[in-house]
Amino acid sequence: MEVMTHSSTFLLPSNHHSSSVTYALVVLNRPLPRFTPLLWNHAQVRVCADGGANRVFDEMPLLFPSDDALDVRQRYKPDIIKGDMDSVRTEVLDFYSNLGTKVVDESHDQDSTDLHKCVAYIRDLTPNLDKSNLCILVAGALGGRFDHEAGNMNVLYRFSTMRLILLSDDCLIYLLPSTHLHEIYIQSSVEGPHCGLIPIGMPSVSTTTTGLQWDLNNTEMRFGDVVSTSNLVRGEKVTVQSSSDLLWTISIKV
């Protein structure tokens with residue numbers, strides 16, 4: 001079985017690691033994680049999903065209290081604002097448009113979420129972005145209304161052949177497709193030890209892990225029975241092999 005490797009090096013300062021991964025950032029309309037500037041600096045393309053532009057405009061200056069707010073807003077200018085435009089404020093749209101941000105109005109499409117629209121745009125319409133090892137970071141993907149969270153998790157499954165990582169202040173989530181053996185390299189200075197493996201969509205008849213406090217050994221997981229929550233990572237590497245797709249989650253301590 002082919003091996004897929006994972007590492008949260010995007011939570012480290014860019015001068016602390018070298019990576020062949022190309023990052024894109026999507027900002028949703030939820031409170032910005034405190035480490036958003038770090039994600040922004042790693043990303044080669046930054047897309048605000050509709051009201052996510054309000055969050056960047058309002059909250060990014062709060063992360064730099066000693067800096068002039070206008071300077072911060074000009075420094076952290078999204079490349080694209082995309083969505084159905086029912087949340088972004090007019091003055092925010094005008095401010096970024098005047099700085100050269102591209103605005104893509106998708107108000108005609110009410111059948112997909114703003115995150116879905118942004119991921120599809122990054123996949124299909126950013127010709128200058130290296131897609132060979134692309135990873136899309138999604139800030140503000142968790143917290144708030146549960147139906148929004150569920151919709152964001154559904155996007156992980158809709159784009160299961162792409163690397164997408166949902167992020168909040170507290171944790172991250174990404175999909176582990178059953179087509180691969182997964183090796184997860186733990187960045188212990190910025191993540192862990194709390195973690196979980198969640199079978200959403202269908203039961204996992206068999207899951208086997210190494211590197212966890214409570215490893216699974218051909219364990220069946222399903223809602224209404226065993227689900228691996230509140231587990232702990234024991235070292236620098238976790239391996240996961242499962243008969244069904246799983247969600248991996250780990251706490252963040254940046």
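**A mixed sheet and its cysteines**

Ile-80 stands opposite Lys-102 in β5. The model in which this pair is seen is a predicted one. Ile-80 belongs to strand β4, which covers residues 80-83 and pairs with β5 in the parallel sense, over four bridges. In general, the strands of a sheet pair through backbone hydrogen bonds, in either a parallel or an antiparallel way.

The two strands are part of an open sheet of ten strands with mixed pairing, in the order β5-β4-β3-β2-β6-β7-β8-β15-β10-β13. The edges are held by β5 (102-105) and β13 (228-232); each has a single partner strand, so one side of each has no neighbour in the sheet. On average, neighbouring strands of this sheet are turned by 20 degrees against each other, direction ignored.

An unreviewed UniProt entry lists residues 180-247 as "domain: Thiamin pyrophosphokinase thiamin-binding". In the model, this span is 53% strand and 0% helix, and its end C-alpha atoms lie 13 Å apart.

How many disulfides does the count come to? The count is zero. A disulfide requires two cysteine sulfur atoms within 2.5 Å. The closest cysteine sulfur to that of Cys-118 is in Cys-48, 8.4 Å away, which is too far for a bond. Cys-195 is in no disulfide either, and its nearest cysteine sulfur, that of Cys-171, is 12 Å away. Cys-118 is buried, with a relative accessible area of 0%, and Cys-195 is buried with 5%.

Key: Residues are numbered from 1 along each chain as its sequence is written. This is a predicted model: local features need pLDDT of at least 70, side-chain atom pairs count only at pLDDT 80 or more; totals for chains, interfaces and linings use all residues. Side-chain values use heavy atoms; hydrogens and water are left out. Buried means under 20% relative accessible area, exposed over 50%, partly exposed in between (1.4 Å probe, protein chains only). UniProt positions are given in the numbering used here, feature names are shortened, and annotations may be inferred rather than shown by experiment. Two strands pair if DSSP finds at least two bridges between them. Axes are lines fitted to C-alpha atoms, for helices over the stretch in contact, and angles run from 0 to 180 degrees between N-to-C directions.
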